[in-house]
Amino acid sequence: MNPYIYVLTVNGLLFFLSIIFHFFPPKKINNLYGYRTHRTMQNEDVWNFSNSLFTKTLLKYSAISFVAALALTYLYPNLMNSWFPMGFLFFTLIVCIITTEKALNENFDQEGKRKTKK
C-alpha cells in the first residue's frame, strides 16, 4: 500500500473528524455524538465542558499527529507502511482522553457539580 494513502486514511481521517467536531459540536446530551462517558452525561454543564475541551484537544493533537505522520512518510516511506500511523492515532486519542478526564477531575466532583475554588 502507498504510505501516503495509508497516512491520509488513518491520520487524515482523524484530523478531518476533529474539524467536524470543532465546527459541529454536540449541543445536547445524546447517545451518538460527542465525548460520551457516564460522567460526562450526568448534566449539561459537565457535557458542555468535556466536549468543548475534548474537541479543542483533539483538533490540536490530531493536526500534530497528521503533520508528523506526513513528514515521517516523506523521510521514511517504508517505515510508515507499518503500524506507526495507527500508533499516532492511538496516542492522539489517549492524550485527548487523559487531558479531558484530568480537567473533569479538577473542575467537577463525582456527582457532576462544579468544584468551588478555595
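A residue is called buried when its relative accessible area is under 20%, exposed when that area is over 50%, and partly exposed in between (1.4 Å probe, protein chains only). The model is predicted: local features need pLDDT of at least 70 and side-chain atom pairs count only at pLDDT 80 or more, while totals for chains, interfaces and linings use all residues. Residues are numbered from 1 along each chain as its sequence is written, and side-chain values use heavy atoms, with hydrogens and water left out.

Phe108 is buried, with a relative accessible area of 1%, whereas Phe49, at 21%, counts as partly exposed. The structure holds five aromatic pairs (rings of Phe, Tyr and Trp, the last by its six-membered ring, with centres within 6.5 Å; planes under 30 degrees apart are stacked, over 60 edge-to-face, the rest tilted). Phe49 belongs to helix 2 and Phe108 to the segment after helix 3, so the pair ties together parts 59 residues apart in sequence.

Helix 1 spans residues 3-23 (helices are DSSP runs of H or I, at least four residues, numbered from the N terminus). Its 21 residues reach 29 Å from the first C-alpha to the last, close to the 30 Å expected at 1.5 Å a residue (1.5 Å times one less than the number of residues). At the N-terminal end, Asn2 caps helix 1 with a side-chain oxygen 2.9 Å from the backbone nitrogen of Tyr4. The buried residues of helix 1, among them Tyr6, Val10 and Leu14, pack against helix 2 (44-75) and helix 3 (84-107) (contact: heavy atoms within 4.5 Å).

Technical notes
Helices (H or I, at least four residues) and strands (E, at least two) are DSSP runs, numbered from the N terminus. A polar contact is a pair of N or O atoms within 3.5 Å; within protein, one must be able to donate a hydrogen and the other to accept it, and residues adjacent in sequence count only if both atoms are side-chain atoms.
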